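Please consult the sequence and structure shown here while reading.

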Amino acid sequence: MLRRNSFRLPRHPASVGLARRRVRDHLADWGHGPDDPALADVVLLVSELATDVVRHGPLLEREFEVAVTALADGSCLIEVSDEDRLEPRLRAVGEGEETGRGLRLVENIATAWGVWSRGRHGKTVWALLMAD
């Protein structure tokens, strides 16, 4: 079975918390309990990817999209899309206290992650969490 939900949010700091809640609610509706450690990891990844868009996305961009897909094998694919054509990068250690941590977390938690170009429509940063 495959379940997917996507939604658009305004590019605003308050949207990060809303993205976390909506993804948590969708996964709960799909049978993932609040004590499921995978649920916490998915919510953390959504939070980090959404934060990256809010902080570093194009100034004129008004919205971004979040999608979560629960795959038949129990794994979960998270996608956050924006109109920025530049790939996010892992910043070097020492480039600043606040920069680069989110993508380092994504790299350490996700089974795999990457960036898909959407051409002139921007990019999608994705992260895959495999089931235990």
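## Residue classes and the model

In this report, Ala, Val, Leu, Ile, Met, Phe, Trp, Tyr, Cys and Pro count as nonpolar, and Asp, Glu, Lys and Arg count as charged. The other residues, Gly among them, count as polar. The structure is a predicted model.

## The enclosed cavity

One cavity of 30 Å³ or more is present in the structure. The volume of the largest cavity is about 40 Å³. Its lining is formed by Leu-49, Asp-52, Val-53, Val-80, Asp-82, Lys-123 and Val-125. Two or more of these lining residues are given by each of helix 2, strand 3 (76-82) and strand 5.

Helix 2 supplies the largest share of this lining, with three residues. By class, the lining of the largest cavity comprises four nonpolar residues, no polar ones and three charged ones. Leu-49, Val-53, Val-80 and Val-125 are lining residues of types that count as nonpolar. Asp-52, Asp-82 and Lys-123 also belong to the lining, and Asp and Lys count as charged.

## The largest pocket

The volume of the largest pocket is about 210 Å³. A total of 16 residues line this pocket, and those nearest its centre are Asp-36, Ala-38, Leu-39, Gly-74 and Met-130.

Helix 2 (residues 37-56) contributes the most to the lining of the largest pocket, namely five residues. Helix 2 likewise gives the largest share of the lining of the largest cavity.

## Aromatic contacts

How many aromatic pairs does a search of the whole structure find? The search finds one. Its members are Trp-116 and Trp-126, which are stacked, with a centre-to-centre distance of 5.4 Å and 20 degrees between the planes. Because Trp-116 lies in strand 4 (residues 112-117) and Trp-126 in strand 5 (residues 123-129), the pair ties together parts that are 10 residues apart in sequence.

Trp-116 has a relative accessibility of 40% and therefore counts as partly exposed. Trp-126 has a relative accessibility of 16%, so this residue counts as buried.

A further contact involves a charge and a ring. The charged end of Arg-22 is placed over the ring of Phe-7, at 4.2 Å from the ring centre.

Methods. Residues are numbered from 1 along each chain as its sequence is written. This is a predicted model: local features need pLDDT of at least 70, side-chain atom pairs count only at pLDDT 80 or more; totals for chains, interfaces and linings use all residues. Side-chain values use heavy atoms; hydrogens and water are left out. On a 1 Å grid over the protein atoms alone, a cavity is a set of points where a 1.4 Å probe fits but cannot get out, and a pocket is an open set with protein on both sides within 12 Å along at least five of seven lines; lining residues have an atom within 4 Å of a point. Grid points are joined across faces, edges and corners, and a volume is the space filled by probe spheres set on the points. Helices (H or I, at least four residues) and strands (E, at least two) are DSSP runs, numbered from the N terminus. Rings of Phe, Tyr and Trp (its six-membered ring) pair if their centres lie within 6.5 Å; planes under 30 degrees apart count as stacked, over 60 as edge-to-face and the rest as tilted. Buried means under 20% relative accessible area, exposed over 50%, partly exposed in between (1.4 Å probe, protein chains only). A charge sits over a ring if NZ of Lys or CZ of Arg is within 6 Å of the ring centre and within 35 degrees of the ring normal.
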